[in-house]
Amino acid sequence: MTPCGSGGQDALIQERKFKMIKPLLQGLALTLKYFIRPSQVVTMQYPEERWTPYPRFRGLHELQRDQNGKEKCVACGLCSTVCPSECIHIVSAENAQGERYSEVYEIDMLRCIFCGYCQEVCPEDAIFLKQEYELASSEGTGFIYGKERLLAPLKKHK
Ligand code: SF4
Ligand code: SF4
């Protein structure tokens, strides 16, 4: 290799080092800036601090009851038909008065994309996507939510 070629290579290495060091210093300066001014930090200290969802946020579903506490869902199956993820499983049944209700209503939360179609299509206003967003599990199981988790508690309607 000629001396000229070696010099060119050195210059290239220097240029690359500078390109690496500049953003590193910029990052450190940013860290230092927020270190000495903690009031400007925008990172949320979860779980001590909770995010407040905006009004149209679509989170966990809730099956609704009427004013008498009766489940609104009549197991028509429209929500499971329209669901693009095919993650709603319903088994219908009839009560003593011959009224249909969902004996089983399950949503696979790992497949749900929270599009809200189920809410939009429901003729009974029986399902709403609420503001709850903490759906994670540390065990990797329990993501099929049944009525025990989806149905609105009775006390809300007293
Ligand atoms: S929000 Fe969308 S993907 Fe989730 S259950 Fe409803 S229709 Fe299916
Ligand atoms: S939630 Fe609504 S659309 Fe779905 S089965 Fe029940 S009544 Fe029908």
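Helices and strands here are DSSP runs, numbered from the N terminus. With that in hand, let's walk through this predicted model.

Start with the overall layout. Have a look at the peptide bond joining Tyr46 to Pro47: it is cis, with omega about 10°. As a rule, most peptide bonds are trans.

Now for the sheet. Three strands make it up, in the order β2-β3-β5, with antiparallel pairing, and the sheet is open. At its edges are β2 (88–94) and β5 (144–145), each of which pairs on one side only. Between β2 and β3 there are seven bridges, with the two strands running antiparallel. If you want to find that pairing by eye, look for Ile90, which stands opposite Tyr105 of β3, and for Val91, whose bridge partner in β3 is Val104. Five residues lie between the strands in the hairpin of β2 and β3, and there Gly98 takes a positive phi near 80°.

On to the other pairing. Strand β3 covers residues 100–108 and is joined to β5 by two bridges, again antiparallel. Here Ile107 stands opposite Tyr145 of β5, while Asp108 has Ile144 in β5 as its bridge partner.

Leaving out residues up to four places away in sequence, Tyr105 touches Leu63, Cys73, Ile90, Gly146, Lys147 and Leu150. Tyr105 also belongs to the largest nonpolar core, which has eleven residues. In soluble globular proteins, nonpolar side chains tend to be buried together.

Some of those core cysteines turn up again around the ligands. Ligand 1 is surrounded by 13 residues, and the closest are Cys83, Cys112, Cys115, Tyr117 and Cys118. By class, that shell holds eleven nonpolar residues, two polar ones and no charged ones. Around ligand 2 there are 14 residues, with Cys73, Cys76, Leu78, Cys79 and Cys122 the closest. The shell of ligand 2 divides into eleven nonpolar, two polar and one charged.

Where does Cys122 lie? You'll find Cys122 in the loop between α3 and β4. Cys122 counts as buried because 20 other C-beta atoms lie within 10 Å. Not counting residues up to four places away in sequence, Cys122 touches Leu78, Cys79 and Ile127. Cys122 and Cys76 are 46 residues apart in sequence, but C-alpha to C-alpha they are 8.7 Å apart in space.

Stay in that loop for a moment, and pick out Asp125. The loop runs between α3 (117–121) and β4 (127–129), and Asp125 is part of it. Phi of Asp125 is near 50°, a positive value in a residue that isn't glycine. Most residues other than glycine have a negative phi. Is Asp125 buried or exposed? The count of C-beta neighbours inside 10 Å is 11, so Asp125 counts as exposed.

Glu86 is not a glycine, yet has a positive phi of about 50°. Why does Glu86 count as exposed? The reason is that Glu86 has 10 C-beta neighbours inside 10 Å, and a residue is exposed if 12 or fewer other C-beta atoms lie within 10 Å of its own.

Note on methods
Residues numbered from 1 in each chain as written. Chains lettered and ligands numbered in written order. Predicted model: local features only at pLDDT ≥ 70, side-chain atom pairs only at ≥ 80, totals over all residues. Pairing = 2+ DSSP bridges. Helix = DSSP H or I, 4+ residues; strand = E, 2+ residues; numbered from the N terminus. Near = placed C-beta within 6 Å. Nonpolar A, V, L, I, M, F, W, Y, C, P; charged D, E, K, R; others polar. Core = buried A, V, L, I, M, F, W, Y, C linked by C-beta atoms within 7 Å. Contact = placed C-beta atoms within 7 Å.
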